[in-house]
Amino acid sequence: MTILVVDDELDIKDLFQQRFRREIRSQTLHFAFAHSAQQAMDYLNQHGGKDVLILSDINMPGMSGLDLLRRVRSDYPLPPPPVIMMITAYGDAPSYQQAMTEGANDFLSKPIDFEQLRAKLQPFVGQ
Amino acid sequence: MKTLVAFLLVSLCLTPCLAQDTTLTLTNRMFSSDQLINLSTMRDWVFKAGQNPGWASPALNTTSWTKRRPSDLSIKDADKTGRAEGWFRCRIRLDSTFEGMQLGVFSYCWAAVDLYVDGRLITSFGNTGANGRPYAEHYPYYQKAAPFDLTTGQDHLIALHVVDYVSPFSKNQLKAQLEGGTSKIIRIVGPKTFNWLHVNARLSPVYSAIWLTVSFLLATLFWLLVFQNLYERSLIRLLAIGETLLVFASIGLMMEVLEPAFIYEVIVYRISGVLLGVAIAFLPITLLRVLNYPSSRRIDSFIIGISVLGSSLTAYTNTGLPSSLATVLQFLFFFALLIWARKKIKGALWAIVTGAFLTIAFALGYAILQLSSFFNPHLGYAATGFFLSLPLSFLVYIALRFKEIVAEDRAKAVAVVQITEEKRQLLATQNQRLEQQVETRTAQLNQSLIDLRATQAQLIQKEKLASLGELTAGVAHEIQNPLNFVNNFAEVSTELIDELKEGPFQKLPDSEKGYADEILGDLSSNLQKINHHGGRASSIVKGMLEHSRTESGERRPTDLNALADEYLKIAYHGLRAKDKDFNADLKTNFMTDLGRIEVVPQEIGRVLLNLYNNAFYAVIKKQKLAPSGYQPTVTVSTHQFNGQLQIRVSDNGTGMPESVKAKIFQPFFTTKPTSEGTGLGLSLSYDIVTKGHGGTLTAESEPNQGTVFTIALPLT
């Protein structure tokens, strides 16, 4: 299972690699990073939608996280569909509502509580 | 005087009858009550037509003469030229009763008469022409008597040479026959009447002049009043007309003094009679007007008609009866009117009533005097009284009436002045009231202006706050991400240091361990500091982001009393958990039947919590400074009025100056020390109340007295 982290902030890669360094070292989690929704789509096109958990920010320049969600849901309908978790700024209730109706599997708010994220990722570990 | 007599009944009564004797001896018993003997009607006269100067001689034989009295002279004696001329002779003797008595003789007819006694011409009435001078008729009225001095107890021959002409008014009458004048051709008077005739001849012009003058003056006055166009004009015009008629009648009377010729005398006499009759008719007509009866042409014409008819008949028939009847009728009508309308008589009207009574009284007096004696010295006064009392009474009436009118006018003027004064006062009052109203309105307008300016300032402030809030939110958003990295990297770095300590650190030589451990300890401590301050910044950003939260909790009907109470306890106990020494009085004053209101309870709760915390902070701060005995108190009360629910949170804490109060709702404004407040609480509360619930959040404060925050929420 590869976790595709989509965020326009470049430092998010370092943060995730450090936060999940134990899981990465023990190869229980695989991470891929995309700096835009387009890169995420490119990644999916290359690797296919299987065994990918997308963790995407909503507010990004160009294609937004919600656009990505819509594209993935329409481009990869076959089961099992990719698990998609959306990340937004604190308290952005309309985005939450929209993300959930557009078919997001889960929702995280910034700042990311990594313990919570780790718990949410637990079911997918080792798949 | 004769003219006036014609209008009175009494004038008809006197025709004395004398005893007759062939040899005429006169005695003073033959005197009438007027001391008058009418020689013309004696039987002992002989007559011969024609003219002969010798016929006066006492010795003349008169057997061929006709036995005829002077009173029998008539139109038959006139020749073809209309001239009647002849001589009457008579022998008389005065008995001893006339001894020493001053007798007089006079003629009361228009014929020219020469009187001879014992062949000597004693006196002439008019001019017969026998003396060669032209004929002149005798003017009979207001004449003095000629002295008639006969020796008593002796016979005397009286001879009359009489010349007369046919009347120009009637072919059947001589001029002397007018009013039975022939029977008065020669009259003997005693001393009393002799004197009276003397006085009468002298005073008649004076009376006439008085009547004319007074009438003229009154008429002039009345006409002036009419043309002055003053009050009661129609009434005064009537008086003026009546008085003018009297003036003309008086002119007629006055003319008699001038001894006009027969033809003028007769015409003037009749015209005067008619005028006098009509003038008298104006009395009842005037009275009708004075008594305020509506003017009626028919009644007026009727009254005047009676007068004209009466006086015309009198003029025509030469008897006073019709005219006197008309006068009596009018007087009766006059009195009937006075009696009928006696209740209307008041004030000035009494003058007329008095005048009317005086007139009648003088008329009666005149009649009585004349009944007793034709030649009464007081007749002149009675006539004057009769003539003038009523006109003068009208003058008095007008004077009194004018006085009344002036009084009425004065009363009216006073009333007008009073009304004017009242109106002026009313106006003044109204002006005052108006001024007060204007002042009130101006004050209200000024207040409105002040309110408007305040509102404008508030609006500007609100706008500033709103844009500041948005800016804050934007800033927060931008800061959030880097801050997250700072916090996350700090945390993960701490983990990395822990890992380093457990792993590679152990493999260091012991000599290096101490120094490395010291460095790692410092790094770890720094990271903790970074984490701590990052956390502070995060909580600030979190607060700031509350401003931008567009979505809020669900609104639901909420019992504000319960909510306020619940959060008060939360705040108090939260504070007590930190500071066990703190104690404060909590007072609640809730309106019992406060309705439920649709709010987001969590948000209003946050606001309340904020206000409570501030209130507690203020009382704690004051407690530290205040002398003992200070009892920190926080009060919360609810109210409902003007379509609003209000929650008031008040404390008796430090309060705040105006300069602070002006800024409390601005984000990041705080008076607390750096670590104790973010300066966002009230700013957020303000947003929740105003933007979120459409209400208002206001603060009132007195430094050192306390602060009151009021949340006002609209019920709809």
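Predicted model: local features only at pLDDT ≥ 70, side-chain atom pairs only at ≥ 80, totals over all residues.
Local features need pLDDT of at least 70, side-chain atom pairs count only at pLDDT 80 or more, and totals for chains, interfaces and linings use all residues. Residues are numbered from 1 along each chain as its sequence is written, chains are lettered from A and ligands numbered from 1 in the order in which they are written, and side-chain values use heavy atoms, without hydrogens and water.

Helix H8 of chain B spans residues 379-502 and has 124 residues. (Helices, H or I of at least four residues, and strands, E of at least two, are DSSP runs numbered from the N terminus.) From first to last C-alpha, H8(B) reaches 175 Å, close to the expected 184 Å (1.5 Å times one less than the number of residues). H8(B) bends by about 35° at B:Ser389 (the angle between axes fitted to the seven residues ending there and the seven starting there). B:Pro391 follows within four residues.

Chain B also holds an open, mixed sheet of 5 strands, ordered S13-S15-S16-S18-S17. Pairing requires at least two DSSP bridges between two strands. S13 (585-589) and S17 (696-702) of chain B are the edge strands. S16(B) (644-651) and S18(B) (706-714) pair in the antiparallel sense over 8 bridges. B:Ile647 stands opposite B:Ile711 in S18(B).

The contact between the chains (heavy atoms within 4.5 Å) takes 19 residues from chain A and 18 residues from chain B. Chains A and B share 6 salt bridges (a side-chain nitrogen of Lys or Arg within 4 Å of a carboxyl oxygen of Asp or Glu). One joins B:Glu499 to A:Arg21, with the closest N and O atoms 2.2 Å apart.
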